[in-house]
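Please look over the sequence and the structure below.

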Amino acid sequence: MKHYLPLFLIFTFFSCNALKPENEVIGLDGNRWVLTAIKHKPVVTNKNAYLEFSKKQEVSGKVFCNSIKGDFELMGKDQLTFDGLISTKMYCDGVMDLENEMVSSLENVKRYAIKNRMLYLYNSDDVLLTFKKGD
């Protein structure tokens, strides 16, 4: 029985550490945030719609087939706004309505929340865009 105690302790240690990522603190910057929903409607993007935030308060990414970039401002604990968003203007069959909806939603963002590796962008009260932390 004494021989199994070290194995039990090692197994317990690694099992507890496997749960740790759910409790990790995640910030906006340094992560790729992949779009999963627009106004609660799920979107299948194959990771083609995402945002990346930099410490210089710049945002960049893809809105399905076009690139986007601009600035963002953090105020207080959870206030977030985007400014000067520009994107390429290629026509991409079948996704233009989603692209336009994503960009107009970004322009209306007022605050954000990060919970369980998910990023929620809100206007005053409603979730406009939902992202998951990319791998």
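## Aromatic cluster

Phe82 counts as buried because its relative accessibility is 11%. Buried means under 20% relative accessible area, exposed over 50%, and partly exposed in between (1.4 Å probe, protein chains only). Phe53 is buried at 4% relative accessibility. Phe72 is buried at 5%.

The structure holds 2 aromatic pairs. Rings of Phe, Tyr and Trp (its six-membered ring) pair if their centres lie within 6.5 Å; planes under 30 degrees apart are stacked, over 60 edge-to-face, the rest tilted. Phe53 and Phe72 pair edge-to-face, at 5.0 Å centre to centre with 85 degrees between the planes. Phe53 is in strand 3 (residues 49-53) and Phe72 in strand 5, so this pair ties together parts 19 residues apart in sequence. Strands are DSSP runs (E, at least two residues), numbered from the N terminus.

Phe53 and Phe82 have ring centres 6.1 Å apart and planes at 40 degrees, so their pair is tilted. Phe82 lies in strand 6 (residues 79-87) and Phe53 in strand 3, so this pair ties together parts 29 residues apart in sequence. Ring pairs link Phe53, Phe72 and Phe82 into a cluster.

## Strand 5 and Asp71

Asp71 sits in strand 5 (residues 66-75). Asp71 counts as partly exposed, at 37% relative accessibility.

## Basis of the model

The model is predicted: local features need pLDDT of at least 70, side-chain atom pairs count only at pLDDT 80 or more, and totals for chains, interfaces and linings use all residues. Residues are numbered from 1 along each chain as its sequence is written, and side-chain values use heavy atoms, leaving out hydrogens and water.

Note on methods:
Helices (H or I, at least four residues) and strands (E, at least two) are DSSP runs, numbered from the N terminus.
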